[in-house]
Amino acid sequence: HSSYIPAKDLEAANADLKGSFSGIGIQFTIQEDTIHINSVIPGGPSEKVGLMAGDRIIEVDDSAFVGKIVTNNEAMRRLKGPKGSEVKLGIFRPGEKETLHFSIIRGDIPVKSIDAAYMINDKFGYMQINKFGETTYPEMLIALAKLHQERCQGVIIDLRGNTGGYMGSAIQMVNEFLPKGNLIVYTEGRNAPRENYPSNGTGSSQHLPIIVLTDEGSASASEIFAGAIQDNDRGLIIGRRSFGKGLVQQPIEFTDGSAIRLTIARYYTPSGRCIQKPYSKGKDENYEMDILTRYENGEFFSQDSIKQDESHIYYTSIGRPVYGGGGIMPDIFVPQDTTGVTSYFTMAVNRGLTRQFCFQYTDQNRKKLQTFETSEKLLQYLKKQNILEKFARFAESKGLKRRNILMYKSKELFDRALYGNIIYNVMDMENYVKYLNESDPTVLKALEMLEAGKSFPEAPEPNTAIHHEGEEKAVAKAN
């Protein structure tokens, strides 16, 4: 996983974790060779000059910017730039006859790590974290404070699809939930001596029930977080086995602006498990195809398909057996839901037709859709608009033959995809996540365990616990 990053790519590679970048403050989609503004970031440079959702960018710096030259990379190159620099935009706004011109001074645009933080019912909170960046820990503190104000009695931390980020952020965040002296993670490498990272006892939520959600997309810092919660028996892990990337990488920058990320050590969970999945020299293909292999072996759909490595057995603080061999195995497995999946639905999603339709529908009905104050009211309205039928006609116009039987077999999946994307286009990510969570089996299972008061793992029966202090397999304690 060591890699070289050319100077031209380094800023983009780092920006995602830095917490902000310099730009004009819009989210956009490219439709039919034109940039369509999806939303304008509140308080950003574009909002200040009057850009609006639904606007089309047709000129950049007095030159036409439409047609085949409009790619995602080219749009980012032209719209991003140093803080304080100016960019001139020509805007086509539906309903206006003339092109509108705006001069925008680029500024710092925050990059949020937490997509959603809200009370999922009157007792329990939910937080979805998309990465572990420079600002993720303070963002989490603010989110926890908000949930505590609403008398939160337990929290679901959703790390599904979170590919990681900074180890330091993960350590700070786990520390909020652990009492003093618990090992969070340790690192060790061929030329790097073991280094322990224990909790310091200053956490604000040391007794708050917690459940962590993982899947095959949860990697690196996500696995540090989940592994620390699991091995310290602080909460349950629910979902599917995590990715299995546990390598410490040191960035080294060069004078020409390029850099390398050099692998120097491995991460280990408190019980001694190596997070990194095995790699055999010369067998790159097996390693790269691991996720596909898991899928083909049925691991996403059945817990029985997961092969536990009995030679890599470890024990949590209360003696529960956990297994090494790469990734974090959940305490409660929730299979990928394939109910209602048909070839028609799969083709519609894979060709991008659901998203294209939702964008077009939002764009054509923006005035009406923006009158709804809550996602619940917007959803009630959408359910009366025969959206699936409108989608079928749109998809047929794009070359996807209508298949009524398959379409109605997949109706629930279509409703979820179509309503969800329209809610996202009109409102924001948190409202989108809220809507999806209402029918998400993994979230519902986590809620069930919180409601039953079962978020803290139970010790195994005395005759099954094989945990003895001092043995090689014993839980590693912080020095």
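These legends walk through several close-up views of a predicted model.

A quick note before the views: residue numbers start from 1 along each chain as its sequence is written, and side-chain values rest on heavy atoms, with hydrogens and water left out. Because the model is predicted, local features need pLDDT of at least 70 and side-chain atom pairs count only at pLDDT 80 or more, while totals for chains, interfaces and linings use all residues.

**View 1. The whole chain, before zooming in.**
The protein chain has 17 helices and 21 strands (DSSP runs numbered from the N terminus: H or I of at least four residues for helices, E of at least two for strands). Of its 479 residues, 50% count as buried (buried is under 20% relative accessible area, exposed is over 50%, and partly exposed is in between, with a 1.4 Å probe and protein chains only). Take the contacts in the chain with a separation of 6 or more: residues 24 or more positions apart account for 70% of them (contact means heavy atoms within 4.5 Å).

**View 2. Helix H15 beside helix H16.**
Here H15 (residues 411–426) packs with H16 (residues 429–437) at an angle of about 160°, and their axes are 8 Å apart (axes are lines fitted to C-alpha atoms, for helices over the stretch in contact, and angles run from 0 to 180 degrees between N-to-C directions). The two helices are therefore roughly antiparallel to each other (under 35 degrees is roughly parallel, over 145 roughly antiparallel, 65 to 115 roughly perpendicular, and the rest oblique). H15 passes H16 in a right-handed crossing (right-handed if the near helix is turned clockwise from the far one by less than a right angle, left-handed if anticlockwise). On the H15 side, look for Asp415, Arg416, Tyr419, Gly420, Asn421, Ile423 and Tyr424, which meet Met429, Asn431, Tyr432, Tyr435 and Leu436 in H16. Sorted by class, this contact of H15 with H16 has seven nonpolar, three polar and two charged residues (Ala, Val, Leu, Ile, Met, Phe, Trp, Tyr, Cys and Pro are nonpolar, Asp, Glu, Lys and Arg are charged, and the others, Gly among them, are polar).

**View 3. Helix H10 against helix H15.**
Turn to another partner of H15: H10 (353–364) packs with H15 at about 45°, with the axes 9 Å apart. That makes H10 oblique to H15, and the crossing is right-handed. H10 brings Thr354, Arg355, Phe357, Cys358, Phe359, Tyr361 and Thr362 to the contact, while H15 brings Phe414, Ala417, Leu418, Asn421, Ile422, Asn425 and Val426. The class count for H10 with H15 is nine nonpolar, four polar and one charged.

The axes of H12 (residues 375–382) and H15 come within 11 Å and cross at roughly 130°, which makes H12 oblique to H15. Ser375, Leu378, Leu379 and Leu382 in H12 meet Tyr419, Ile422, Ile423 and Val426 in H15. This contact has seven nonpolar, one polar and no charged residues. Within H12, the buried residues are Ser375, Leu378, Leu379, Tyr381 and Leu382. They span an arc of only 160° around the axis, so they sit on the same side of H12 (the arc is that of the directions from the helix axis to the C-beta atoms).

**View 4. Ile129 in strand S11.**
Ile129 is found in S11, and at 1% relative accessibility it counts as buried. Ile129 and Asp158 are 29 residues apart in sequence, yet 6.2 Å apart in space, C-alpha to C-alpha. Leaving out residues up to four places away in sequence, Ile129 touches Ser113, Ile114, Thr136, Ile157, Asp158, Leu159, Asn162 and Met173.

**View 5. Two aspartates with a positive phi.**
Most residues other than glycine have a negative phi. Asp61, though not a glycine, has a positive phi of about 50°; it lies in the loop between strand S5 (56–60) and strand S6 (63–64). At 39% relative accessibility, Asp61 counts as partly exposed. Asp233 also has a positive phi, of about 55°, and is in the loop between helix H6 (221–231) and S16. At 8% relative accessibility, Asp233 counts as buried.
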